[in-house]
Amino acid sequence: MRGVISFGGYVPYRRLDRSAIAAVMGRGGGRGTRSVASYDEDTTTMGAEAARLALRPVDGEPRALWFATADPAYLEKTNATAIHAALRLDASAGALDFGGAVRSGIGALRTALGAIGPTLVVTADMRGGLPTGADEANGGDGAAAFLIGTEDDGPVVAELLGSASATEEFVDRWRQPGSPSTGQWEERFGETRYGPLADQAWKEALSAAGIGADDVDVAVVTGSHGRAVKRVAGRLGVARVADDLAAAVGNTGTAHPGLVLANELEQAEPGQTIAVVMLADGAEVLILRATEALAAYASALPVADQISAGAEVSYATFLQWRDMIRAQPPNRPEPTRPSSSAAARAQDWKYGFVGSRGTESGTLHLPPARVSIRPEDELDAMDPAPMADVGATVVTFTIDRLVYSVSPPVVFAVVDFDGGGRLPVELTDVDPDAVRIGQRVEMTFRRLYEAEGIYNYFWKARPTRSSSGD
Amino acid sequence: MASHGIKDQVAIIGMGCTQFREHWDKGTDDLLIDAATAAFDSAGVAKNDVDAFWLGTASSGMSGLTLSQPLKLEGKPVTRVENFCATGSEALRQASYAVASGAYDMAMAIGVEKIKDSGYQGLNAAPASHDGTKRNLTAAAMYSLVLPAYAARYGVDEDELRMVVAKIAEKNHRNGALNPLAQFRREMPAEKICEMASVAGRLSVFDCSGVADGSAAAIVVRAADAHKYCEDPLYIKALSFVSGTGGGLIDPDYDYTTFPECEMAGADAYRQAGIDDPRSALAMAEVHDCFTPTEMVLMEDLGFCERGTAWKEVLAGTFERNGDMPINTDGGLKAFGHPVGASGLRMHYECWLQLRGQAGDDRQIDLSNRNLGLVHNLGGYPGEMVSFVSVLGPELG
């Protein structure tokens with residue numbers, strides 16, 4: 001039986017207190033917080049972080065990587081390839097984007113559940129809208145990744161019992177490429193469409209699974225139409241509707257069914273039945289059952305831990321990060337675009353954070369070098385040294401208020417890796433006042449900057465969040 | 001295999017230096033013409049008497065044409081050199097070797113930088129094509145790592161150390177105030193510097209070198225020919241250069257309290273010059289005070305005092321103009337300004353004046369017991385730098 005082998009949810013570190021919106025704008029906002037991707041994150045980097053978390057508990061390697069988002073960093077160019085490179089997947093593992101629509105995340109997941117071979121589905125989204133709008137306050141940023149396969153690929157922790165889909169063309173929510181906000185038709189209209197579509201898919205999925213609604217322990221219900229989601233959730237007839245994370249995270253759109261499902265799987269008991277219902281341009285339903293293998297499964301960094309570890313971002317900073325207001329940058333030259341050919345030559349270093357280690361000295365070289373700084377190593381006598389998952393400690397640090405940055409000041413540290421090796425590296429997800437010598441850090445895949453339309457991806461260090469980097 | 005040096009084989013017979021400042025009314029060409037003309041006049045020679053030229057500039061021009069075109073040099077070889085902030089010294093090193101080899105009788109080293117046409121603050125080198133993984137950090141921030149590291153290693157209170165390096169800026173501003181060619185002519189008390197906002201680590205803008213346009217030049221001949229042109233030439237005792245491995249960036253043993261490239265270049269220069277104890281042999285030193293902590297660490301790397309004691313010597317006034325070991329008597333990069341390609345030659349210009357007793361009554365150091373001078377000029381960052389050291393003296397032997 002095909003199902004979920006491993007999974008990981010990613011919630012970015014920053015939270016916007018919704019009440020901060022009205023404090024500035026006089027209206028908008030609401031109660032609780034929403035998650036906010038940092039200025040150096042996008043759907044590709046958040047997807048990569050979720051994928052790293054998903055693959056950490058398992059040995060197997062996906063044979064395909066499917067990436068779905070409604071906010072792609074690039075059009076035309078595949079975004080999944082950067083995630084593929086960050087994960088150091090084999091070239092023969094295909095990387096594809098499921099483009100554009102909020103529905104594509106659950107769609108990729110459902111398609112993978114019916115496909116062949118171990119498939120890594122990565123979903124990510126950054127949700128927002130114009131200041132004071134409901135989408136700004138209620139949206140969230142995040143990612144979720146699922147390794148889908150059969151027992152041949154690793155222990156299945158949640159097997160698919162059945163699924164169904166219902167589709168209809170109607171314009172409820174829409175956005176043109178490049179637009180900062182999403183349009184919405186009068187709400188009551190959408191509600192009339194989603195109700196019957198959800199009923200139809202739900203019934204079919206239960207039938208395919210051979211169970212009744214009262215056999216479902218928990219239902220994850222998400223979608224792009226808030227009222228319809230509430231209405232549908234209330235009439236499914238299941239024991240419990242999952243916490244939709246609205247209070248702390250918000251609706252992460254394309255990533256949301258996966259993120260809420262990951263959170264539920266992290267708390268589920270073997271034998272429990274979990275349904276996923278997603279309302280976006282129709283309805284998608286998955287019905288899963290947690291297996292005995294779930295008991296032995298340990299998430300690298302549970303969603304709940306990430307939610308509780310968040311730290312505030314001011315509304316002014318949030319607006320700058322979202323390009324809603326532009327602050328005066330330092331009077332320094334902007335960075336130049338990375339060379340595509342140089343980046344391609346350095347792919348394992350740039351995307352995979354792989355250095356080299358002298359075969360005799362064991363000395364770590366970041367970036368990888370052909371000639372060692374130690375005389376005992378022969379020319380080219382180096383082994384690849386993958387360092388992305390190795391923890392490190394801050395040896396010393398400084399705050400740079402002069403250098404160009406999208407979000408100054410730059411916090412920079414010299415860090416020593418566990419097991420030997422050093423790198424001077426930029427820190428992220430950290431307040432300048434909170435850095436200290438001896439602090440534990442871990443590597444994170446980030447977008448350093450954009451120049452001439454090219455995004456420059458590389459790694460930074462952040463205060464340790466995951467248990468393995470400790 | 002060894003660094004033999006060219007002690008007493010080459011002499012400087014003339015030098016020129018423009019004012020270092022924001023020359024809004026002068027371009028690269030004007031600065032080169034002014035410095036070259038001053039050097040020709042100083043040596044009493046014409047441009048056609050010079051057989052070969054080495055032009056140092058970090059980013060104000062490419063190729064020898066940057067010099068041969070404004071000076072209208074006919075049929076002369078001009079080599080453009082670049083070695084980060086040690087570019088000017090590198091030009092002198094190459095010109096000196098060319099003369100010592102016998103290939104030419106007379107050579108000019110000239111350095112220039114026209115920084116203030118960029119429209120940006122600070123020094124900003126245009127990057128080569130890159131893979132996007134290079135560090136994004138100012139030099140100020142990299143050097144700011146020295147302060148906490150030094151404080152930790154030697155058990156000095158960080159606030160006290162912050163005042164110590166501000167005292168270095170205060171001294172260099174005091175020296176610059178007396179120097180008509182310096183960019184900054186105002187004294188600046190250390191207490192005021194400590195009160196300023198930090199821009200990188202604990203460093204304020206006044207812990208950083210001045211950003212200026214300028215040019216400086218030297219004319220060299222074989223030592224045996226020096227007196228044909230000049231009554232009081234300045235002899236080159238040592239020229240040393242070390243380009244680092246960059247290992248400091250990735251070596252967990254490196255602790256940011258020393259610059260090994262500078263220590264190595266200093267040791268090599270002392271060997272070439274036959275100096276055992278630099279503190280007692282040298283009458284003065286011009287060192288690369290790009291940031292105030294740099295000057296402090298250099299006092300130890302160049303052997304002017306024991307490790308861990310430079311901060312005390314700063315407070316004791318050792319490095320003042322009238323102290324036991326005068327450092328940066330012209331104001332240094334801090335107050336004289338730092339037009340990258342010109343700075344190394346500017347340092348030699350101060351030795352040219354001081355060691356020949358030409359610095360003027362209000363600035364002249366005491367030469368009664370010692371008459372050797374040292375120039376230290378570096379480029380790069382802690383962990384990855386190039387370092388130049390020369391020793392000069394007014395007498396042979």
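Q: At what angle do helix H6 and helix H11 of chain B pack?
A: This is a predicted model, and in it helix H6 of chain B (residues 158-177) packs with helix H11 of chain B (residues 292-301) at an angle of about 95°, their axes being 8 Å apart.

Q: What do you call that arrangement of H6(B) and H11(B)?
A: Angles from 65 to 115 degrees count as roughly perpendicular, and H6(B) and H11(B) are therefore described as roughly perpendicular to each other.

Q: Which residues make the contact?
A: From H6(B) the contact uses B:Val164, B:Val165, B:Ala166, B:Ile168 and B:Ala169, while H11(B) brings B:Thr292, B:Pro293, B:Glu295 and B:Met296. Sorted by class, the residues of this contact are seven nonpolar, one polar and one charged.

Q: OK, zooming out, how many helices and strands has chain B?
A: Chain B has 14 helices together with nine strands.

Q: What share of chain B is buried?
A: Of the 397 residues in chain B, 61% count as buried. Looking at contacts in chain B between residues at least 6 apart in sequence, one finds that 78% join residues at least 24 apart.

Q: Now the other chain: how many residues of chain B are in contact with chain A?
A: On the chain B side there are 31 residues, and they are in contact with 37 residues of chain A.

Q: Which helix gives the largest share of that side of chain B?
A: The largest share comes from H4(B), with three residues, and both helix H4 (139-144) and helix H5 (146-154) of chain B supply at least two residues each. By class, the side of chain B that touches chain A holds 14 nonpolar, 14 polar and three charged residues.

Q: Last topic, what domains does chain A have?
A: The domain assignment gives domain 1 (3-321) and domain 2 (340-353 + 388-463) of chain A, and their centres, taken over C-alpha atoms, are 28 Å apart.

Q: How many residues are in contact between domain 1 and domain 2 of chain A?
A: In chain A, 15 residues of domain 1 are in contact with 16 residues of domain 2. On the domain 1 side, helix H2 (43-55) and helix H3 (80-86) of chain A each supply at least two residues, and that side has eight nonpolar, two polar and five charged residues.

Methods: Residues numbered from 1 in each chain as written. Chains lettered and ligands numbered in written order. Predicted model: local features only at pLDDT ≥ 70, side-chain atom pairs only at ≥ 80, totals over all residues. Domains from an automatic or database assignment. Contact = placed C-beta atoms within 7 Å. Helix = DSSP H or I, 4+ residues; strand = E, 2+ residues; numbered from the N terminus. Nonpolar A, V, L, I, M, F, W, Y, C, P; charged D, E, K, R; others polar. Buried ≥ 20, exposed ≤ 12 C-beta atoms within 10 Å, placed from the backbone. Axes fitted to C-alpha atoms, helices over the stretch in contact; angles between N-to-C directions. Parallel < 35°, antiparallel > 145°, perpendicular 65-115°, else oblique.
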